[in-house]
Structure formats: structure tokens, C-alpha cells
Amino acid sequence: MKQLTPSTSVVKSLVLAASLCWGTAQAQDIKIAIFDSQRVMQSGSAKAAEAKIEQEFLKRTKEIQEMSLRLNAAAEKFDKEAHALPEAERFKRQREITNMDLELKRKQRAYNEDLSQRKNEEVAALIERAQKAIKAIAEAEKIDVVLQDVVYANQRIDITEKVIRALAK
């Protein structure tokens, strides 16, 4: 699944803005929080989205697996019988196996594209829900700045678990 990652310039801008605010208004406390997108992408909400997609694509997965088994069986049968077949029959079966292989590859390619698109849609929906949860938490707790995926931060300013709980609702 895709990570929630802000651009480096956005993070630098936020840190700079927080630093400037700190320097110009020392009498005023600035409340900063952090959020770990990796933990959110491994949360129950993300796993539920994966399971939902897997269920949606189950029929097509089985169809492709069955098609692959039929192709392998036809190829094995052809290999065993090829030496005894007349040239015209051998050529006909080779063409059938080639066509089966091409059709299988076409279906696999379409399946992979559709699966990728569907995963991207679910990730985008999860990101949107996470951003709304972060905003709601920040407003409720009067947090001035929320930073994402920092190298180090004290656990007392980490709102990741609150975001995960909000997404689970």
C-alpha cells in the first residue's frame, strides 16, 4: 500500500514556520503533534481494505488460476503426444496452446491493472479519512502543527493511535 508522505519542502516549511513562530512569540505556547503514516497503513482499517479488495477479486483470481492449469495441462499433453501427431494436427495444437497463452497473459495484465487501480483507490480513501481524522483531533486538542513521519519525537505528542482509533469507527 502506498505511504502517506508529504513532500520534503512541505515538512521543511512546517518546521521553519514552527521555528519562526517559536522565536517571535515565545510567550505563546505552540502545540505540536506527530503522526506516523506507516502505523496507519498497517492498521486494522488498512488491513480491512486489503481484505475487501481480495474478496472483490477472488472470482477473477480463481478464473486466472484455472486458465493457467488448463494451459499447463494442454502443453503437457501436447509434449507427450507431439511425436505421434501428424504435422497438421501438431501445428493446430501448437496454435491453440499459443492462443491460450496469449489470452491468459491478456487476462493477467488486465487483472493486475484493475487490482492496482483498486488498491490505489482504497489507499486514497484511507488517506482522505486519515487527514480528516488528523484535522479533527488537531482542532479538538488545539494543536497548532501536526508533522508526519518524523525521525524522532517524544511519545507524548504522538497522535497516531488516536488517528487509528478514529479510522476504526
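Student: Is Asp158 buried or exposed?
Tutor: Bear in mind that this is a predicted model. In it Asp158 counts as buried, because its relative accessibility is 15%, and buried here means under 20%.

Student: And which side chain does Asp158 meet in a salt bridge?
Tutor: The side chain of Asp158 meets that of Arg39, with a distance of 3.0 Å from N to O. Arg39 itself counts as partly exposed, because its relative accessibility is 27%.

Student: Where do Asp158 and Arg39 sit in the chain?
Tutor: They lie in distant parts of it, 119 residues apart: Asp158 belongs to the loop between β2 (145-148) and α6, while Arg39 belongs to helix α2, which covers residues 37-41.

Student: How many salt bridges does the structure hold?
Tutor: There are 14 salt bridges in the structure. Another of them pairs Arg60 with Asp114, where the closest N and O atoms are 2.8 Å apart, and this pair links helix α4 (residues 58-81), which carries Arg60, to helix α5, which carries Asp114, across 54 residues of sequence.

Student: What about the accessibility of Arg60 and of Asp114?
Tutor: Arg60 counts as partly exposed at 28% relative accessibility, and Asp114 is likewise partly exposed, with a relative accessible area of 32%.

Student: OK, and which residue forms a salt bridge with Glu141?
Tutor: That is Lys162, and the closest N and O atoms of the pair are 2.6 Å apart. Glu141 is in the loop between α5 and β2, whereas Lys162 is in helix α6, 21 residues away. Glu141 is partly exposed at 27% relative accessibility, and Lys162 is partly exposed at 32%.

Student: Which residues do salt bridges with shared partners join into one network?
Tutor: Lys52, Glu56, Arg118, Glu121 and Glu122 are joined in that way.

Student: Switching to packing, at what angle do α5 and α6 pack?
Tutor: The angle between helix α5 (residues 87-140) and helix α6 (residues 160-168) is about 120 degrees, and their axes are 9 Å apart. With that angle, α5 is oblique to α6, and the crossing in which α5 passes α6 is right-handed.

Student: Which residues make that contact between α5 and α6?
Tutor: From α5 the contact uses Leu126, Arg129, Ala130, Ala133, Ile134 and Ile137, and from α6 it uses Lys162, Val163, Ala166 and Leu167. Sorted by class, the residues of this contact are 8 nonpolar and 2 charged, with no polar ones.

Student: Last topic, the overall layout: what pattern does the protein follow along the sequence?
Tutor: It comes to 6 helices and 2 strands, arranged along the sequence as α-β-α-α-α-α-β-α. Of its 169 residues, 27% count as buried, and among contacts between residues at least 6 apart in sequence, 83% join residues at least 24 apart.

How values were computed:
Residues numbered from 1 in each chain as written. Predicted model: local features only at pLDDT ≥ 70, side-chain atom pairs only at ≥ 80, totals over all residues. Heavy atoms only, no water. Axes fitted to C-alpha atoms, helices over the stretch in contact; angles between N-to-C directions. Helix = DSSP H or I, 4+ residues; strand = E, 2+ residues; numbered from the N terminus. Parallel < 35°, antiparallel > 145°, perpendicular 65-115°, else oblique. Left-handed = near helix turned anticlockwise from the far one by under 90°. Contact = heavy atoms within 4.5 Å. Nonpolar A, V, L, I, M, F, W, Y, C, P; charged D, E, K, R; others polar. Salt bridge = Lys/Arg side-chain N within 4 Å of Asp/Glu carboxyl O. Buried < 20%, exposed > 50% of the residue type's maximum accessible area, 1.4 Å probe, protein only.
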